[in-house]
Amino acid sequence: MELYIVRHGETDTNHEGKINGSATDLNLNKSGVNQVEYLKKHINIEMFDEIYSSPLKRARQTADILNQNVHVIKTDDRLREINYGSWDGLPVAPTKSQHPDGFDENNYIDEDYIKYAKNGESYDHVYDRVTSFMNDLKKTVNNKKILIVCHGFITRSFVKVVTQTPDIANIVEPDNASVTKIKITKSGNLYLMYYGRLEDI
């Protein structure tokens, strides 16, 4: 089984440097639509057997553009972006100034953010739902190519689970409208084939 994981195109909150979790549910901006249209030229949608998407608008819109009405798009709540709670939608720079230990040196939110963000989702909870999603695929799908449209942190979480990287801070965020490929063998082994590719999918 091959999983092709697409991060959605750009939104206004991405462009403005704001925290973009599951409570921020925006459509793509013009640049985001253009990014996905570019990716569409490098994807043969006919090669996929199934398409899954996060239910959030930015992911569904990305999936709709790539799909071109070829497949039925299946939404799955486990593919939602992490819920940053009260931090969702806040600008990164002042939030980091106030809580520097809530961010890593690449300005990504660190798992310690949960000490400050009310109702924030733990990193472990996200890893659990990504693992659950992959386990269900392994039970029901064999020798297929699956397109999965989701989010930056969710993509990083897939890679962390597959590679067993101890600290997700060592996995940088993929570009908007980029593709990450994971292979699942018949024996259940997981392999990262490539990360954050923008063409030649």
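Contact here means heavy atoms within 4.5 Å. This is a predicted model in which local features need pLDDT of at least 70, side-chain atom pairs count only at pLDDT 80 or more, and totals for chains, interfaces and linings use all residues. Residues are numbered from 1 along each chain as its sequence is written, and side-chain values use heavy atoms, with hydrogens and water left out.

**View 1. Ser22 and its contacts.**
Ser22 touches Leu56, Arg58, Arg80, Glu81, Ile82, Asn83 and Asp88, leaving aside residues up to four places away in sequence. Ser22 belongs to the loop between helix 1 (12-15) and helix 2. Helices (H or I, at least four residues) and strands (E, at least two) are DSSP runs, numbered from the N terminus. Ser22 is buried, with a relative accessible area of 13%. Buried means under 20% relative accessible area, exposed over 50%, and partly exposed in between (1.4 Å probe, protein chains only).

**View 2. Ile109 in the loop between helix 4 and helix 5.**
Helix 4 covers residues 92-98. Ile109 is buried, with a relative accessible area of 11%. Its contacts are Ile19, Tyr84, Trp87, Gly102, Phe103 and Tyr123, not counting residues up to four places away in sequence. Lys96 lies 13 residues from Ile109 along the chain, and their C-alpha atoms are separated by 8.7 Å.

**View 3. Helix 5, residues 123-140.**
Helix 5 has 18 residues and reaches 26 Å from its first C-alpha to its last, close to the 26 Å expected at 1.5 Å a residue. The expected span is 1.5 Å times one less than the number of residues. Buried here are Tyr123, Val126, Tyr127, Arg129, Val130, Phe133, Met134 and Leu137. Seen down the axis of helix 5, these buried residues fall within an arc of 165 degrees, so they line one face of the helix. The arc is that of the directions from the helix axis to the C-beta atoms. An α-helix has 3.6 residues a turn, so residues three or four places apart point the same way. The face turned away from the buried side of helix 5 carries the exposed residues Asp124, Asp128, Lys139 and Thr140. Packing partners of the buried residues are strand 1 (2-7), strand 2 (50-53), strand 4 (145-150), helix 6 (152-163) and strand 6 (190-197).

**View 4. Helix 6 and its cover.**
Helix 6 is mostly covered, with 10 of its 12 residues buried. Its buried residues pack against strand 1, helix 5, strand 4, strand 5 and strand 6. Among them are Phe153, Arg156, Phe158 and Lys160. Just after helix 6, Gln164 takes a positive phi of about 60 degrees.

**View 5. Strand 1 between its partners.**
Six of the six residues of strand 1 are buried, so it is largely enclosed by the rest of the structure. Glu2, Tyr4 and Val6 lie on one side, and Leu3, Ile5 and Arg7 on the other. Strand 1 and strand 4 run parallel, joined by six bridges. Two strands pair if DSSP finds at least two bridges between them. Leu3 has Ile146 of strand 4 as its bridge partner. With strand 5 (residues 179-184), strand 1 pairs in the antiparallel sense over five bridges. There, Tyr4 stands opposite Lys181.

**View 6. Helix 2 against helix 3.**
Val33, Val36, Glu37, Leu39 and Lys40 in helix 2 meet Gln61, Thr62, Ile65 and Leu66 in helix 3.
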